[in-house]
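Hello,

Please find the structure below. My notes on its charged pairs and surface follow.

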Amino acid sequence: MQTIIDSKWLIFIKVAELGSLSKAANAFNVPQSMISRHIAQLEEQCNARLFKRTGRGVVLTELGMQLLPRIQGLSADAAILEDDI
């Protein structure tokens, strides 16, 4: 199913929620390299890091923390719109 919001932002939300690229990859049933690539593309698009890599996974940067609730809101609105359509 195609979504209105770019799927890379849905991946961003899942990675932020789980704190792990590999757990997000498992949740989407895709290779971790795909998750990493999508996050890198978003970071390039934003011209800033969204996550700090740690030994135990990832945590949001300040920018990531600012964007997360806004992206979650957009995602919820997009889901409602998709249902309406």
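The side chains of Lys14 and Glu17 form a salt bridge, 3.9 Å from N to O; the term means a side-chain nitrogen of Lys or Arg within 4 Å of a carboxyl oxygen of Asp or Glu. This is a predicted model, in which local features need pLDDT of at least 70 and side-chain atom pairs count only at pLDDT 80 or more, while totals for chains, interfaces and linings use all residues. Residues are numbered from 1 along each chain as its sequence is written, and side-chain values use heavy atoms, with hydrogens and water left out.

Lys14 and Glu17 both sit in helix 1, three residues apart, about one turn of the helix. Helices (H or I, at least four residues) and strands (E, at least two) are DSSP runs, numbered from the N terminus. Lys14 is partly exposed at 27% relative accessible area, and so is Glu17 at 49%. Here buried means under 20%, exposed over 50%, and partly exposed in between (1.4 Å probe, protein chains only).

The structure holds four salt bridges. Glu43 takes part in a network of them with Arg49 and Arg53. The N to O distance is 2.9 Å for Glu43 and Arg49, and 3.1 Å for Glu43 and Arg53.

Regards
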